[in-house]
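Below is a short briefing on one protein chain. Please look at the sequence and the model first, then read through the points by topic.

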Amino acid sequence: MRKLLAYIIATVALCACQSTTYKVEGTIEGAQEGDTVFLGYSNDGQDFKTTAKTTIKDGKFVFGGDLEGCKIYYIGYEEGEEPIYAMFFLEPGNIDAEITYTGSHITGTPTNDLNIKLEEDLEKFVVEMLQYQDTLYRDSTLTDEKKAELSNNCYTVQRKAMTYIQKIIRENMDNMIGMFMLVQYSDLFDNNELSSLIAAVPNTLIDRDNNYLYDILLQIQEERNNPGTLDEIINAIEEEGND
């Protein structure tokens, strides 16, 4: 019995240790052997703070360490044609990154995999809408009836995309994906639901470092609740100047 208990404790301890370990491995377009790659985060989505550095070896870069939870991080590369800062979700697990000047494909852990899936799903909606629009504006032989049909089809796809986005956000406000998408698509919700969604963010995600999303959501909420505040301040300053 004691041996069994000891085994269970050891197994739980091992799993706990493994659950905080991350490894980020990948390639960068144009990177040369020995080039420096940065790992870091931003508190405002602009200023990059480096937390680790490595070099390209055998065509790849590798970062590793321990981390609790999930945080927004960036992989930075500044030795190519122009700087690259690829955003991703740093969390425990093995993360694979393919980074180019036209985008990045970062997978291997639950949040990053979900992010890729959402990007692919939304792209399908966009492609479908563009097909309808292309036909609508390029085919001069269309009848008014056909034009109306194409316009309605485009609108229907747009509504489906919006409904899909709303669903994903509502279902994921307990993780970084929900917050990330809500920042981008806050206009899809009225003031009451926006406030409700922000209130649903768990304390574990209200992190002033590595997670500027919550602060942005609070700013959006403040602007919604107090429209015109910025304009009032600007007008007051201008009036003082005229006096």
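**Ser186 and its surroundings**

Leaving aside residues up to four places away in sequence, Ser186 touches Leu194, Ile220 and Arg224. The model is a predicted one. Ser186 sits in the loop between H4 and helix H5, which covers residues 191–199. Is Ser186 buried or exposed? Ser186 counts as buried because its relative accessibility is 6%, and the cut-off for buried is under 20% relative accessible area.

**The chain as a whole**

- The protein chain contains seven helices and eight strands.
- Of the 243 residues in the protein chain, 33% are buried.
- The accessible surface of the protein chain is about 15,100 Å², and carbon and sulfur atoms account for 50% of that surface.
- Among the contacts in the protein chain with a separation of 6 or more, 54% are between residues 24 or more positions apart.

**The sheet E3-E2-E5-E6**

- This open sheet has four strands in the order E3-E2-E5-E6, and the pairing is antiparallel.
- Strand E3 (49–55) and strand E6 (84–90) are the edge strands, and each of them pairs on one side only.
- On average, neighbouring strands of this sheet are turned by 25° against each other, with direction ignored.
- Helix H4, made of residues 176–184, packs on this sheet and touches E5 and E6. The direction of H4 makes about 135° with that of E6.
- Strand E2 (residues 36–41) pairs with E5 in the antiparallel sense over three bridges.
- Strand E5 (residues 71–77) pairs with E6 in the antiparallel sense, over seven bridges.
- A hairpin of six residues joins E5 to E6.

**Strand E5 in detail**

- How many of the seven residues of E5 are buried? Seven of its seven residues are buried, and E5 is described as mostly covered.
- Both faces of E5 are covered.
- Ile72 has Phe89 in E6 as its bridge partner.

**The sheet E4-E1-E7-E8**

- Another open sheet of four strands has the order E4-E1-E7-E8, and its pairing is mixed.
- Strand E4 (61–66) and strand E8 (103–107) are at the edges and have a single partner strand each, so one side of each is left without a neighbour in the sheet.
- From one strand to the next, the twist of this sheet averages 15°.
- H2 packs on this sheet and touches strand E7 (93–100) and E8. The direction of H2 makes about 135° with that of E8.
- Strand E1 (residues 21–28) and E4 run antiparallel and are joined by six bridges.
- Tyr22 stands opposite Gly65 in E4.

**Helix H2 against helix H4**

- The axes of helix H2 (residues 110–138) and H4 come within 10 Å and cross at roughly 40°.
- Is the crossing of H2 and H4 right-handed or left-handed? H2 passes H4 in a right-handed crossing.
- On the H2 side, Thr111, Leu114, Asn115, Leu118 and Leu122 take part in the contact. They meet Ile177, Phe180 and Met181 in H4.
- The residues of this contact between H2 and H4 are six nonpolar, two polar and no charged.

**Asp113**

- Asp113 is located in helix H2.
- Asp113 has a relative accessible area of 36%, so this residue is partly exposed. That value falls between the cut-offs, which are under 20% for buried and over 50% for exposed.
- Asp113 touches Thr107 and Gly108, again without counting residues up to four places away in sequence.
- Asp113 and Phe89 are 24 residues apart in sequence, and their C-alpha atoms are 9.7 Å apart in space.

Methods
Residues numbered from 1 in each chain as written. Predicted model: local features only at pLDDT ≥ 70, side-chain atom pairs only at ≥ 80, totals over all residues. Heavy atoms only, no water. Pairing = 2+ DSSP bridges. Helix = DSSP H or I, 4+ residues; strand = E, 2+ residues; numbered from the N terminus. Axes fitted to C-alpha atoms, helices over the stretch in contact; angles between N-to-C directions. Contact = heavy atoms within 4.5 Å. Buried < 20%, exposed > 50% of the residue type's maximum accessible area, 1.4 Å probe, protein only. Left-handed = near helix turned anticlockwise from the far one by under 90°. Nonpolar A, V, L, I, M, F, W, Y, C, P; charged D, E, K, R; others polar. Areas by Shrake-Rupley, 256 points an atom, 1.4 Å probe, with all protein chains shown as cover.
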